[in-house]
Amino acid sequence: MAKYLAQIIVMGAQVVGRAFARALRQEFAASQAAARARGRSGQQSAAASSISGMSLQEAQQILNISTLSPEEIQKNYDHLFKVNDKAVGGSFYLQSKVVRAKERLDEELNIQTQEQKQPPPQDTETK
């Protein structure tokens, strides 16, 4: 009886192990495909996140914006910077987070502007 129980456990572990390995391969492939889809602008955005220490999503949450509109960014930045001024009882820490968020969003706007200015790659292959 113990022999059969051990065989069942081993077979179950093998099945679960194969399924786990397959799921990892699929996740890795999906991750690679997403990275290729993001392309160069995704790499620049990731680099900007790394340099500033703040992700694009975090910066958008701090300034409470949903779209990258320069006017909305500036308006929300001005308001949050004023209300977090230490002279009016605000927090220097929060004020610095607001400044960093604006810097990160400005960098993202620059990346998008550069991307729009570049011509699409030309197909040099003749048919």
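**Helix α3 and its neighbours**

Helix α3 covers residues 70–83, 14 residues in total. From first C-alpha to last, α3 reaches 20 Å, close to the 20 Å expected at 1.5 Å a residue. This is a predicted model, in which local features need pLDDT of at least 70, side-chain atom pairs count only at pLDDT 80 or more, and totals for chains, interfaces and linings use all residues. Residues are numbered from 1 along each chain as its sequence is written, and side-chain values use heavy atoms, leaving out hydrogens and water.

Which residues of α3 are buried? They are I73, N76, Y77 and L80 (buried means under 20% relative accessible area, with a 1.4 Å probe and protein chains only). Seen down the axis of α3, these buried residues fall within an arc of 105°, so they line one face of the helix. An α-helix has 3.6 residues a turn, so residues three or four places apart point the same way. On the other side of α3, E71, K75 and K82 are exposed (over 50%).

What covers the buried residues of α3 includes α2 (56–63) and α4 (92–117). Take α4 with α3. Their axes come within 10 Å and cross at roughly 170°. That makes α3 roughly antiparallel to α4 (over 145 degrees). The contact (heavy atoms within 4.5 Å) involves residues of α3 including I73, Y77 and L80, and residues of α4 including V98, K102 and L105.

Now α2 against α4. They pack at an angle of about 125°, with their axes 9 Å apart. On the α2 side, the contact includes L56, A59 and L63. On the α4 side, V98, K102 and L105 are among the residues in contact.

Key. Helices (H or I, at least four residues) and strands (E, at least two) are DSSP runs, numbered from the N terminus. The expected span of a helix is 1.5 Å times one less than its number of residues. The arc is that of the directions from the helix axis to the C-beta atoms. Axes are lines fitted to C-alpha atoms, for helices over the stretch in contact, and angles run from 0 to 180 degrees between N-to-C directions. Angles under 35 degrees count as roughly parallel, over 145 as roughly antiparallel, 65 to 115 as roughly perpendicular and the rest as oblique.
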